[in-house]
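Subject: Structure for your review

Hello,

I am passing on the structure we discussed. Notes on what was found follow below it.

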Amino acid sequence: MTYRVAELVADSLVAHGIDRAFGVPGESFLALLDALRDRSDFDLVTCRHEGSASLAAVADAKLTGRAGVVMASRGPGAFNAAVGLHVAAQEAIPLVMLVGQVDRPNLARDAVQEIDCGRSFDGVLKWSVRLNSADLVPEMMARAFAVASVGTPGPVAVELPEDLLEEAAEGFAVRINGLARPEPGSAAIEKAAAALTAAERPILLVGGECRTASFRKDLVAFSEMWNVPVVTMNKMQDQFPNAHPLWGGQFGFFPSQPHAKLLERADLVVAVGTRLGDLSSLGFAFPRQAEPRQPLVHVYPDPDAIGKRVQTDVAVVSGSHAFVSAMLAVSTAAPDRTEWLRAAAAVRTATHGWPRFGVPSADVFGHAVAAIAIHFKPDGVVTTDSGNFAGWVHRIFSFEPTARLLGSACGAMGSGVPSGLAASLRFPGRQVVAFCGDGGFLMTGNELATAVARGADLKIVVSNNWSYGTIRSHQERAFPDRPYGTDLSNPDFAALARAFGAKGFVVEDAESAPSTIAEAMTAGGPVVIEVRSDVRQTLDKSLAASRRVPSN
């Protein structure tokens, strides 16, 4: 059999550690599909929509630390996959999109579905390349994975003209480029150590640049050694043990007042693995620039992300783990910060945890999530779509170091089910629970068919309040009693699940939640748990009601 460019591309994927891709097959990359068909070292997950395929690829990248790969046909396929490109750019996740392209003789002739990815996705992609000859394939594939992964990670597009995939590639070998992984210099470590030693009220902000188990272990040791509280960024709740006394909680999509007040009191901010975007900087108002200014130690592997918006006192161009490892090697005697740590613990209590008594029966979703948390295993994986319902999850779940959380940090709806699918395939022996709203589920929930086909052990929890609830809550604040365009007409999600070949359960009231959840969580294979709730019953209302009830 002739060794084609298609085989060369497949070999390049595997050489870069890629063992799985998500996509929707297209006639523009049939040769690549053929090249992958008989491989035992590669798994192509056939999805029902390129959007959910790209979101699943992003989730897989978060779990593996390697670039996620999505395959799409040109034109409509690539544009469907664009949501994943946006999420990868926003959340700094390495992603490579392989796009089947028009054959080379017909390029630039307005051929059907022709696309120029570089022009179409300008401002989103880190880099785009169109392969036009076999001899350039090894170089450009290696460059694609390098660009996606170094500095600030993000999305890359590789266009594959369909005639090129059939071209002979005898004599060409796969290339892998070494990746630049910056490590901190001794001067930067000395300055960071001096700043931490002198501070009375330091705070450590941790983002998602590094998500490995070894980093998390060393992060705990670092916080203990330097006696500094840790606040994790939006949807990064699993980066630090939630039961640890130094955990200050997760900095949510809409930061709580207790967190804002805590950060306002800090006399040193150490930001590790975050670009300090608008969410983690309180709308670019933190660290405070007016006097008394809050000093900043900013650690990130991309120098372009440091010093862009706020004055940086110690700039450390480094990966998160390399910085933490270097700081662990410093000889120090951290000052006593008992009062400051007590303040951070109070914030954690105010923003996390769920009352044992007094949760009103009207809060059906709260009772259901509490019941699910009881059955959640220490090494389980939780995925959350975008929506207010996630607030209950962050409140009620307490993550062990072995658990994982895949959330929609940039607020992209539809990520819950694809992320759950990716997690269940990556960790087939671990418990995976995907939380979705009714709106988000109906965007990408058809991947339930993929989960059924794969026999995935995936639990999908649908908060059915017959509304785009988050948007409605914004409407109620801006235009009281004038909701418009946010009501939904929904199917019976449990019946829909059964039609797909999955198991379906319905929680209609607080009283039946524990028994229904217990049955659903012990069922094998794909399961959908529909929780029917009232859009007017908010998390804040439940917490307020619980405070009025005696605890004995």
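Two strands count as paired if DSSP finds at least two bridges between them. This is a predicted model, and in it six strands form an open sheet with parallel pairing, in the order β9-β8-β7-β10-β11-β12. The edges are β9 (247-250) and β12 (314-317); each has a single partner strand, so one side of each lacks a neighbour in the sheet. From one strand to the next the twist averages 15°.

Within this sheet, β10 (residues 268-272) and β11 (residues 296-300) run parallel and are joined by four bridges. Ala 271 stands opposite His 298 in β11. Helix α9 (residues 186-198) packs on the sheet and touches β7 (202-206), β10, β11 and β12. The direction of α9 makes about 135° with that of β12.

Another parallel pair is β5 (residues 127-130) and β6 (residues 155-161), again with four bridges. Val 129 has Val 158 of β6 as its bridge partner. The chain goes from β5 through helix α7 (residues 137-149) to β6, a right-handed β-α-β crossover. Trp 127 and Val 129 make up the covered face of β5, while Ser 128 and Arg 130 make up the uncovered one.

As for packing, the largest nonpolar core has 49 residues, and Phe 22, Met 97, Cys 117, Phe 121 and Ile 460 have the most contacts inside it. Helix α3 (50-64) is among the elements that give two or more residues to this core; α3 gives the most, with eight residues. Met 97 touches, among others, Cys 117, Phe 121 and Val 158. Apart from this core lies another, of 37 residues, including Leu 8, Val 9, Leu 13 and Leu 33.

Regards

Key:
Residues are numbered from 1 along each chain as its sequence is written. This is a predicted model: local features need pLDDT of at least 70, side-chain atom pairs count only at pLDDT 80 or more; totals for chains, interfaces and linings use all residues. Side-chain values use heavy atoms; hydrogens and water are left out. A nonpolar core is a set of buried Ala, Val, Leu, Ile, Met, Phe, Trp, Tyr and Cys residues joined through side-chain atoms within 4.5 Å. Buried means under 20% relative accessible area, exposed over 50%, partly exposed in between (1.4 Å probe, protein chains only). Contact means heavy atoms within 4.5 Å. A crossover is right-handed if, with the strands pointing away from the viewer, the path from the first strand over the helix to the second runs clockwise. Axes are lines fitted to C-alpha atoms, for helices over the stretch in contact, and angles run from 0 to 180 degrees between N-to-C directions. Lists of a residue's contacts leave out its neighbours within four places in sequence.
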